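Have the model open while reading.

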Amino acid sequence: MTMTYLKNVVTLRLDTHRCTGCQTCTQVCPHQVLAMEDKKARVVNRNACMECGACAINCPADAIEVKSGVG
Amino acid sequence: MAKKISCCSGASCDNSLIEIEDSVFDDPINATWSDGYVDHPRARILKIKTTLEAADILGAVKARLGINRNDYSIYPGLYALGIPDANSPVLVTANYKLTFDYLRRELEGQNLWLLVLNTHGINVWCAAGKGTFGTGEIICRIGQVQLANVVSHKKLILPQLGAPGVAGHEVTRATGFKVVYGPVRAADIPAFLRNNHRASGDMRKVKFNLADRLAVVPVELNHSLKLIPLLFVLLLLFNLITPNGWAWNTVWVPTLMNLVPYLIAILLGTAGIAAFLPYLPFRSFALKSLLLALPLVVLVVSFPGVFHFPDHALVLGAHALFLAGITTFFGLNFTGCTTYTSLSGVRKETIYTLPVIALSTLAGLVLAVIYQITRFSI
């Protein structure tokens with residue numbers, strides 16, 4: 001059963017212009033928030049994001065920002 | 001007696017000290033999980049078993065109960081599993097012993113190297129969030145164990161949940177080693193390795209099923225049940241005060257019975273919310289908790305005599321507010337134990353909920369005081 005938390009609160013921001021299509025963000029996300037579309041990453045399930053920061057820290061192009069707090 | 005040991009001698013390390021108690025882990029060669037050595041031209045590397053023994057299982061139980069779990073770690077460094085050679089994969093993990101055990105028991109029959117990072121005895125995901133399962137520590141540790149002299153390839157396999165702490169591309173820039181993220185669960189590692197180091201979609205998803213949810217309850221109970229003695233004292237004080245003087249002879253059984261709904265409130269806010277999480281309506285944990293508290297409140301208000309509460313609206317009103325407050329407080333706290341709640345969401349919930357709990361507790365106290373006053377003035 002997929003549980004979801006509060007909607008429309010997360011601070012996740014993806015700049016597709018900077019995205020190089022390396023796909024790392026789609027591999028590290030624990031909740032399949034991001035997916036590849038036309039060789040670029042896109043946010044496909046924003047409300048499933050838990051703001052862990054894995055995508056942002058692993059983006060070599062600094063295309064992703066999220067306020068992940070103290071962890 | 002605790003011993004301070006310098007953890008890293010690699011040039012790129014920050015020399016943070018780790019305290020390790022005099023225990024079997026002080027001397028890994030005597031640990032029940034070690035299995036001799038692998039001889040490498042430059043060093044003797046400790047070999048580890050892939051089976052868990054009674055001591056490991058007992059240790060796991062204690063960790064899950066919250067007994068001494070801040071002191072359940074192993075030395076960081078390089079370990080061998082099976083008979084690895086220069087081509088064998090390198091898996092990276094944390095030095096929390098529970099992590100180490102959960103990992104190695106899935107690796108029966110494999111030949112690989114285990115690079116254990118100094119996460120100060122914390123598991124992978126939490127350490128990654130804090131940054132100790134991090135870029136700097138990996139770079140440091142690779143240098144300390146001279147990994148480049150042990151394997152001829154340049155690949156590190158990290159647990160996916162280490163990702164929040166590790167910038168893979170920066171590790172590569174500093175060490176030449178490429179970071180590949182393996183599956184979330186150790187049980188999927190053999191399939192991952194067989195499948196040319198590719199993870200399926202399901203291997204990359206984090207779940208939170210009933211077993212996962214219940215596994216985190218004992219530690220929460222360990223913390224929350226510490227409230228019981230305080231509650232006992234408060235209830236005792238309330239029951240002692242009567243118009244006929246201090247009721248020392250008659251308070252004991254009533255106070256103990258008063259405590260029962262409070263114990264239930266704590267259980268509802270911990271084990272209850274854990275068990276019923278996906279089945280409770282609302283996304284908010286505070287609202288889910290309030291729903292859980294409702295039957296308890298109805299029970300107490302309908303059958304006050306069972307718990308030795310006076311059948312008086314003011315008193316029952318106070319207890320209703322306190323009980324709902326307790327369940328909601330611990331239920332909200334459970335957001336910190338899940339695998340899917342966002343920081344922003346928890347912040348939003350907390351900002352609304354805590355003031356409400358504080359005010360309702362205050363209101364309950366006011367009701368209780370008014371009740372006592374009415375008893376004395378009649």
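Is Tyr340(B) buried or exposed? Tyr340(B) is buried, at a relative accessible area of 6%. Buried means under 20% relative accessible area, exposed over 50% and partly exposed in between, with a 1.4 Å probe and protein chains only.

This is a predicted model, in which local features need pLDDT of at least 70 and side-chain atom pairs count only at pLDDT 80 or more, while totals for chains, interfaces and linings use all residues. Residues are numbered from 1 along each chain as written, chains are lettered from A and ligands numbered from 1 in the order written, and side-chain values use heavy atoms, without hydrogens and water.

**The interface**

Chain A gives 31 residues to the contact and chain B gives 36 residues. Contact here means heavy atoms within 4.5 Å. Between them the two chains bury about 2,800 Å², with 61% of it on carbon and sulfur atoms. Buried area is the accessible area (1.4 Å probe) lost when two parts are put together, summed over both. On the chain A side, Met3(A), Tyr5(A) and Met50(A) lose the most area to chain B, together 27% of what that side buries.

Polar contacts do occur: 16 residue pairs, both at pLDDT 80 or more. A polar contact is a pair of N or O atoms within 3.5 Å; within protein, one must be able to donate a hydrogen and the other to accept it, and residues adjacent in sequence count only if both atoms are side-chain atoms.

**The aromatic pairs**

Over all chains the count is 13 aromatic pairs. Rings of Phe, Tyr and Trp (its six-membered ring) pair if their centres lie within 6.5 Å; planes under 30 degrees apart count as stacked, over 60 as edge-to-face and the rest as tilted. Two pairs are tabulated here.

| Pair | Centre distance | Plane angle | Class |
|---|---|---|---|
| Trp33(B) and Phe100(B) | 5.0 Å | 75 degrees | edge-to-face |
| Phe285(B) and Tyr340(B) | 6.3 Å | 45 degrees | tilted |

Trp33(B) is buried at 2% relative accessible area. Phe100(B) is buried at 0%. Phe285(B) is also buried, at 0%.

Ring pairs also build a cluster: Tyr5(A), Phe208(B), Phe285(B), Phe334(B) and Tyr340(B).
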